[in-house]
Amino acid sequence: MTFKTLLGAAAVLIFLAGCSTKEIDEFNKPASYWYNSMIDSAAKGNLEKADEYYSSLQSEHVGSPLLAEATMILAMAHMQKEEYLLSEHFLNEYIKRHASSQAREYAEFLKVKAKYMGLPNARRDQGLIVEAIAEGKKFKQNYPDSIYNALVDTMVTRLSLAKAKLNESIASLYDRLDKPVAAAYYRSMNDIPWVDWNDIDQDTSPWYSAPFEGDGGASWYGFLIPDTQSVVSRHADEEAE
């Protein structure tokens, strides 16, 4: 056997090995195949693969009765994995395409819960707090007799406290900067004036992130920041004069 023959045989073996390990694209399968494959992937924690199987089910069997259950399963699975935006996406899909009147109420409640759970630190996104509060109030308007209203009330109350606390922190900062008008504006935004902040237990951050969270007061890195006005502030003062 010549060297060229050996080289050719080796090349063929490498090619065949590559073909044997290459994943074969799947298509034109029954709805039960895609559904069962999605369930199996979700059970193993591979939600990315589960989403792919769901897409195949939705594409090839748009009228399948399995789609409604598959959509809700993925919404719950993503919520369990703390992927709240994806959970909300599947809940919106479920509400739009599959939900009955009774199932819609539960799905809408899960949307409120997903927004609430997606806010582990209220100081990071004031816009999402406002959006979550509005979602909770909308749910109560649409379902005044819902069995979930007590839970929604708890979430909205906690979110309202977080929003008010954030506004109070901003107002306190303006107090220290001797800007009473701005401080009064942020305090006027609070819709729970009955709160005595001295009676509220302050939230705490993990030790590794606490130095960077800030509350509008002094920080350990304050000595690095020059004690000068910003360009915007200087121009604003000049215009005021």
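Asp178 is exposed, with a relative accessible area of 66%.

**View A. Asp178 sits in a loop with a positive phi.** In this predicted model, look for Asp178 in the loop between helix 8 and helix 9, the latter covering residues 180–188. Its phi is about 60°, a positive value, although Asp178 is not a glycine. To see what makes that worth a close-up, keep one background point in mind: most residues other than glycine have a negative phi.

**View B. Glu82 is another loop residue with a positive phi.** Which loop holds Glu82? It is the one between helix 4 and helix 5. The phi of Glu82 is near 65°, again in a residue other than glycine. Is Glu82 buried or exposed? Its relative accessible area is 59%, so Glu82 counts as exposed.

**View C. Gly63 and Ala31 are separated along the chain by 32 residues.** Gly63 belongs to the loop between helix 3 and helix 4. With a relative accessible area of 70%, Gly63 is exposed. Now find Ala31 and follow the chain from there to Gly63: the two are 32 residues apart in sequence, and their C-alpha atoms are separated by 9.8 Å.

**View D. Ser41 is a buried residue of helix 2.** Start by finding Ser41 in helix 2. Its relative accessible area is 9%, which means that Ser41 is buried. What does Ser41 touch, apart from its neighbours within four places in sequence? The partners are Asn46, Lys49, Ala50 and Tyr53.

**View E. Helix 5 and helix 6 pack against each other.** The crossing of helix 5 with helix 6 is left-handed. On the helix 5 side, the meeting residues are Tyr84, Glu88, Leu91, Asn92, Tyr94 and Ile95. Helix 6 answers with Ala103, Arg104, Ala107, Glu108, Leu110, Lys111, Ala114, Lys115 and Met117.

**View F. The largest nonpolar core has 42 residues.** Residues with the most contacts inside this core are Met38, Tyr54, Met72, Leu91, Phe109, Phe139 and Leu159. Which elements give two or more residues to the core? They are helix 2 (31–43), helix 3 (47–60), helix 4 (66–80), helix 5, helix 6, helix 7 (126–142) and helix 8 (149–176).

View G. Set aside its neighbours within four places in sequence, and Tyr54 is in contact with Met38, Leu67, Ala70, Thr71, Leu74, Phe90 and Glu93. Met38, like Tyr54, is listed among the residues with the most contacts inside the core.

**View H. Stepping back, the chain has 11 helices and 0 strands**. Buried residues make up 31% of its 241 residues. Finally, take the contacts between residues at least 6 apart in sequence: 55% of them join residues at least 24 apart.

Note on methods
Residues are numbered from 1 along each chain as its sequence is written. This is a predicted model: local features need pLDDT of at least 70, side-chain atom pairs count only at pLDDT 80 or more; totals for chains, interfaces and linings use all residues. Side-chain values use heavy atoms; hydrogens and water are left out. A crossing is left-handed if the near helix is turned anticlockwise from the far one by less than a right angle, and right-handed if clockwise. Helices (H or I, at least four residues) and strands (E, at least two) are DSSP runs, numbered from the N terminus. Contact means heavy atoms within 4.5 Å. A nonpolar core is a set of buried Ala, Val, Leu, Ile, Met, Phe, Trp, Tyr and Cys residues joined through side-chain atoms within 4.5 Å. Buried means under 20% relative accessible area, exposed over 50%, partly exposed in between (1.4 Å probe, protein chains only).
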